[in-house]
Amino acid sequence: MSFTLKIGDKAIPFDLPATDGKNYTLDSFSDSRFLVIFFTCNHCPYVIGSDEVTRKTVLRFQDQGVGFVAINSNSKNTYQDDDFPHMVKRMEEFNFPWVYLYDESQDIALSYGALRTPHFYVFDQDRKLVYTGRAVDSPRDTSKMTVNDLDRALEELIADKAVSVPVTNPIGCNVKWDGKDRHWMPADACDLVWNQ
């Protein structure tokens with residue numbers, strides 16, 4: 001069994017608190033035809049570097065039936081900046097157009113097999129995985145990006161086409177697992193694809 005969800009796998013249910021004071025489940029987004037779930041955090045330079053590109057993607061596709069859910073699973077014991085109060089502060093400061101959930105137990109990150117921040121998962125109308133990996137090829141410095149895999153996947157999905165590149169390697173910091181060295185990854189967590 002691979003660490004990360006495979007193409008065709010179903011979205012895994014969750015019930016997590018958000019920075020807006022509400023709790024959200026997978027069913028909370030049933031009105032969205034398609035759903036993007038991405039694992040992110042507050043401190044990672046790859047997240048910070050690409051958040052505005054992600055914002056553009058959300059603003060472009062949210063009126064076309066795509067829902068967007070961000071999940072922070074990083075241990076606050078590894079980086080205090082990744083705790084819930086800092087999540088709330090970051091959303092207040094930047095007003096990102098997505099729901100921002102806190103996976104303090106890290107159970108959801110494990111069940112999805114989140115490798116890095118950011119790591120994107122795109123689900124179709126049946127909530128089956130059709131794309132996983134990076135959004136762009138240079139998230140830390142988007143002035144150097146040449147490919148936006150997330151936009152392409154969503155364009156194809158909305159056009160009822162098969163996603164032409166369904167798997168890429170996420171690019172970013174590894175998820176910060178509680179009680180582990182900040183660079184630790186589970187033994188079965190490996191690159192999704194070797195050649196891009």
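The second largest cavity in this structure has a volume of about 30 Å³. Keep in mind that we're looking at a predicted model here. Searching the whole structure turns up 2 cavities of 30 Å³ or more, so let's walk through them, using the general idea that a probe the size of a water molecule, rolled over the atoms, shows where empty space is left.

**The second largest cavity**

- Its lining is made by F38, T40, V47, S50, D51, T54, P118 and F120.
- Helix 1 hands over the largest share of the lining of the second largest cavity, with 4 residues.
- Sorted by class, you'll find 4 nonpolar, 3 polar and 1 charged residues around the second largest cavity.

**The largest cavity**

- This one comes in at a volume of about 50 Å³.
- If you want to find the largest cavity in the 3D view, look for its lining residues: T40, C41, V47, D51, R90, M91, F96, W98 and Y100.
- The class count for the largest cavity is 6 nonpolar, 1 polar and 2 charged residues.

**Residues to spot in both lists**

- T40, V47 and D51 line the largest cavity, and T40, V47 and D51 also turn up in the lining of the second largest cavity.

Note on methods
Residues numbered from 1 in each chain as written. Predicted model: local features only at pLDDT ≥ 70, side-chain atom pairs only at ≥ 80, totals over all residues. Heavy atoms only, no water. 1 Å grid on protein atoms, 1.4 Å probe; cavity = no way out; pocket = protein on both sides within 12 Å on 5 of 7 lines; lining within 4 Å. Points joined across faces, edges and corners; volume = space filled by probe spheres on them. Nonpolar A, V, L, I, M, F, W, Y, C, P; charged D, E, K, R; others polar. Helix = DSSP H or I, 4+ residues; strand = E, 2+ residues; numbered from the N terminus.
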